[in-house]
Amino acid sequence: VATTRDVGLESILRLPTGVHEAMKFARVLLIDERPESTEKIKRVLGEECSVDVESDPQTGFFKAVQGNHDCLIISSSFAAFDPLRICAQLRSLDNTRSLPIILVADMGEEPLIRRALELGINDYLVRPVNPNELLARLRTQLRRKAYHDGLRASVVKTYEMAVTDSLTGLHNRLYLETHLATLFKRAVERRRPLSILMTDIDRFKLINDTYGHDGGDEVLREFARRLRRNVRGSDLASRYGGEEFFIVMPDTDQTLASIVAERIRREVASTPFQINNMGPAIPVTISIGIASVLQEGDTVHNLMKRADDALYGAKSSGRNKVVS
Ligand code: GH3
Ligand code: MG
Ligand code: MG
Ligand code: MG
């Protein structure tokens, strides 16, 4: 069985680093107001990738910010504009922070090139532009960007897998524990209510014994779907472990939390789970323990302990119950 970590590493190893792939689909933005320079660069690159030419630097800047380009080639000189300002701005925006920038400068512009490099441009060329050098430098930047984008995508994917429960698609315990701490702190600081629901499926062992482990898994999936339908976008629903689920509800006091919990309990108990089209519908009930943040001297640990105690109370008083 592959673990989350294995799958993440595997996708990192399969990065799209092919130079030719990167080149063929590349979209280059060229900001340059000198027609002879533009024509030459377009002629050299046009065969290998698509080139978007913009002679107005301000318009060019807005095009770059859209984030649809793989590389920006920008001229060092405009009649009434400082191209370094564009470079600096692009480096400060999330969308373009890693956009490769190649400066095309004139002979004798070393000070400007140095400043541009300090601002974070990736490479430069000096006119007259040598076609092979232009292609080589562009390819290097595209390859670097493809690697960077692939790496970032796989880091995001790996993170998502690490905080998601693969059976139900809900957040997992790691995510819950990380965010509960933050939400708890915020609630205390702002003197806002916050409630948590600890939910446990009743006699789940019996469900497994009767319908098999796969049947039990389907019950967990269906329960997660019903849970999702009954919480707000700002609530954090997570699978805490086996058949235990945990819901964090910001801006929710004990009274409102009880109403929500009761609705979830009823939603489960009132309609048996149809886990496949043919088999019998499975009757399921759940028990819920509620705890709310006390404004004075409360801790996350105590809050969870109170919810756990309430859940135990629900179990020992007959199950299919909500206890605060
Ligand atoms: P109670 O009403 O007291 O909660 O009874 P219970 O049977 O639900 O109690 P218990 O918590 O002891 O049993 C939980 C069972 O859930 C045990 C375990 O085999 C099963 N389980 C845990 N994780 C999974 C899972 O991912 N899939 C399935 N099908 N079963 C699981
Ligand atoms: Mg139990
Ligand atoms: Mg149980
Ligand atoms: Mg349990």
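Mentor: In the classes used below, Ala, Val, Leu, Ile, Met, Phe, Trp, Tyr, Cys and Pro are nonpolar, Asp, Glu, Lys and Arg are charged, and the others, Gly among them, are polar. This is a predicted model, in which local features need pLDDT of at least 70 and side-chain atom pairs pLDDT 80 or more, while totals for chains, interfaces and linings use all residues. Residues are numbered from 1 along each chain as its sequence is written, and chains are lettered from A and ligands numbered from 1 in the order in which they are written.

Trainee: By class, what does the shell around ligand 1 have?

Mentor: The shell holds 16 residues, each with its backbone-placed C-beta atom within 6 Å of the ligand. D202, F204, K205, G216 and G242 are the closest. By class, the shell has 4 nonpolar, 4 polar and 8 charged residues.

Trainee: Where does the largest share of the shell around ligand 1 come from?

Mentor: β6 (194-201) and α9 (204-229) each supply at least two of the shell residues; helices (H or I, at least four residues) and strands (E, at least two) are DSSP runs numbered from the N terminus. The largest share is 7 residues, and its source is α9.

Trainee: How many residues of β6 are buried?

Mentor: Buried requires 20 or more other C-beta atoms within 10 Å of a residue's own; 12 or fewer is exposed, anything between is partly exposed, and C-beta atoms are placed from the backbone. On one side of β6, L194, I196, M198 and D200 are buried, and on the other S195, L197, T199 and I201 are buried as well. Both faces are thus covered, and the count of buried residues is 8 of 8.

Trainee: In β8, which residue is the bridge partner of I196?

Mentor: Strands pair if DSSP finds at least two bridges between them. β6 and β8 (residues 244-250) pair over 7 bridges in the antiparallel sense. In β8, the partner of I196 is V248.

Trainee: Which residue in β9 stands opposite I201?

Mentor: β9 (residues 286-292) is antiparallel to β6, with 7 bridges joining the two. Opposite I201 stands I286.

Trainee: In the open sheet of mixed pairing, what is the order of the 5 strands?

Mentor: This sheet is open, its pairing is mixed, and its order is β7-β8-β6-β9-β10. β7 (236-241) and β10 (322-323) each have a single partner strand, so one side of each lacks a neighbour in the sheet.

Trainee: Which strands are the edge strands of the parallel sheet?

Mentor: This is an open sheet of 5 strands with parallel pairing, in the order β2-β1-β3-β4-β5. The strands that pair on one side only are β2 and β5.

Trainee: Which residue in β2 stands opposite L30?

Mentor: β1 and β2 run parallel and are joined by 5 bridges. L30 stands opposite V53.

Trainee: Which exposed residues does α4 carry on the face turned away from its buried side?

Mentor: Helix α4 covers residues 57-65, and its buried residues include P57, G60, F61 and A64. The face turned away from them carries the exposed residues Q58, T59 and F62.

Trainee: Which residue follows α4 with a positive phi?

Mentor: The phi in question is near 80 degrees. The residue that has this phi after α4 is G67.
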